[in-house]
Amino acid sequence: MNNRNKWIFMTLLMGVFSMGYGQSQNKNYTFRNPDLEMEVRIKDLISRLTLQEKVSMMKHQSPAIERLGIPAYNWWNEALHGVARTTEKVTVFPQAIGMAATFDTEALQKMGDITSSEGRALFNEDLRTGKTGSIYRGLTYWTPNINIFRDPRWGRGQETYGEDPYLTAKMGSAIVRGLEGNDPKYLKSVACAKHYAVHSGPEYNRHSFDARTSTYDLWDTYLPAFRELITKAKVHGVMCAYNRFDGQPCCGNSKLLSDILHKQWNFDGYVTSDCWAVSDFAQFHKTHANNTEAVSDALLSGTDLECGNLYQLLEQGVKQGLLSEREINVSLTRLFKILFKIGMFDPADRVPYASIGKEVIESAAHKKHAYEMAQKSMVLLENKKNVLPLNYSKIKRIALIGPNADNGHSQLANYFGTPSEIVTPYSSLQKRFGGKIKIDYIKGVGIVDKLKESPSFAQVAAQAKKSDVIIFVGGINADYEGEAGDAGAGGYSGFASGDRTTIALPTVQTELLKELKKTGRPLIVVNMSGSIMDFQWESQNADAILQAWYGGQAAGDAIVDVLFGQYNPSGRMPLTTYKSDKDLPAFEDYSMANRTYRYFTGEVRYPFGYGLSYTNFSYSSLENDPEVQTGATIQVTTTVKNIGKMDGDEVVQLYLIHQQDKNKRTPIHSLKGFKRIHLKAGESAKVSFSLSPEELALTDSDGNLTESAKKVDIYVGGGQPNKSAGSFSAVDIKGEPYKVF
């Protein structure tokens, strides 16, 4: 059988499993021949479409073209920390900021792989039952969010990987690799780097806000993670942001899309608008006279797909001479490339992921990984007099108090799926110790206000005094911080349109904690939030503080593991904990001056990279060449030893300290390497880093990343320089300037 007859036969045989529609699928169209080059197939498909059909397929809800056997497809899906918003039960991992606290790229890549497996299973089921085109069922996930969490008040910062460009780039790349898979022809699912670019609040004015920043900050802070995901991780999707950047809407921004994304970075994937962002052009940004001009400009700038309902106006744009059908074909080609890569027009036996079935969803292995990531995300901030870990054999009674002690909703954060079981701290304690330790659960207080018909704070404290230890599980949840419109519990002091107006724990919770402190019992605070709390009172008065983020379905077990020493805490802060609101510049100021650990000059509560352990680690002197030429790679090695009595993980962090130049902006120091290792008590291991010219270089005022001849200090330790156990060394870089980018 020759190749031509073979593909016709396989198309007929596998028709029921393919994405075509009935008899139309069986027509002898060139674009259905899987043995031809993709470019040939796409060109053939586009040639068969009318202009009206073309523009209809450039919206997130792409309709079926039944005469060609093209099924409906909905591009809008989410997978921030597991498959989101589906009606099916799925595995739910910690929120992205919690996964960032693991500093574990391998675990995050595995999470992405698990998520794409569960998403593929749902997608394949839809194909088998002929139900395509539903929202939140496709394989194009609008994940990850790699915006820089520059201000802790931003409600959507919980979706990111923190404040540092390097950490964000590495974690973002890891989930891209996990989601997209490693097949040379097909994508397991499609990742999307968002929101491009210079986007991190406030939420209330995002549809009209014009973000302004220096060229230095643009290239030093806001673009590096996007550059890494596009040029190295080869992400296949990019979402442009709602706001303007330097006067132009991001989804019609010639500098961001045409110049940087396509010309400089050679991006060959697809660009989608944020949802209804193109309608902002005329309505809120006031940059375009009408919607026809807006959609034409968006497409010409490089926005291939509209999440919204305006791109049908592209047909009018062609008729009015604002753009050509050829230019529409360019964007449509990018979109079809994605659909071909997920196997849209190929027999199921050709697509390696088409056989994934629903049995993988919530499998034991998937739930185990969600549990392990929750464990790794926990950051121990305070542990006065080593009150933790608790010795359960010496405890007869626990007072469990607080609004998040038995609130599974809080653990799911935003953009979440729904698991079959959510383990809260209360349910975990009951499961383990219910027959051995008396657990007095008293909610005591709401997130932001007192509870109606509830005991007074004094009465709650009197009951708590009967216990051996008080565990207060507080914080906030995604009802109060998140995306504008989704965080619907506004109107309370401290919150506005999904953002926070203060970094303090809600006052009512601190008031209850003060009463609990009077009991004299050990007071342990477990905080759930997507950002930092300044803990002004709590840091001085609580015996222990555990930052638990929004830990997903297994958060309760992970918290109890840490409290009772069944897991040695090893999470590290992906954010700087400032001491008060007074430390924060104006929210709408996008300058990085005095922001994040790289540029903040004041005293902080808990630094970026910080986290306590139940054991201690030592670092040997660094081994590295004392001198190197520009353009060369440096090897740095140290030996890390667990000098304590408990097994545990250490997050080994490498920072570079460049000589300060009065004429140029220079970070105080910058993370340029990290590795998570596990060491048994008394065990040691060698840890090595390779520092490339890119990592050794600095951004200049023109945005160029250039390595110059100068002395650079290297620090490797368990946190930032001078704030943790670690070792310093230096390298003298010689030679001519080496331009990296």
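At what angle do helix α8 and helix α9 pack, and how far apart are their axes?

## Basis of the model

This is a predicted model, in which local features need pLDDT of at least 70 and side-chain atom pairs count only at pLDDT 80 or more, whereas totals for chains, interfaces and linings use all residues. Residues are numbered from 1 along each chain as its sequence is written, and side-chain values use heavy atoms, leaving out hydrogens and water.

## Helices α8 and α9

Helix α8 (residues 215–222) packs against helix α9 (residues 224–231) at an angle of about 55 degrees, and their axes are 5 Å apart. Axes are lines fitted to C-alpha atoms over the stretch in contact, with angles from 0 to 180 degrees between N-to-C directions. Helices are DSSP runs of H or I with at least four residues, and strands are runs of E with at least two, numbered from the N terminus.

From α8, Leu218, Trp219, Asp220, Thr221 and Tyr222 meet Pro224, Phe226 and Arg227 of α9 (contact: heavy atoms within 4.5 Å).

## Asp220

Asp220, in helix α8, is buried, with a relative accessible area of 9% (buried: under 20%; exposed: over 50%; partly exposed in between; 1.4 Å probe, protein chains only). Not counting residues up to four places away in sequence, Asp220 touches Pro165, Arg598, Tyr599 and Thr699.

## Asp583

Asp583 is placed in the loop between β17 (577–578) and α22 (596–599). Leaving aside neighbours within four places in sequence, Asp583 is in contact with Tyr578, Phe600 and Glu603.
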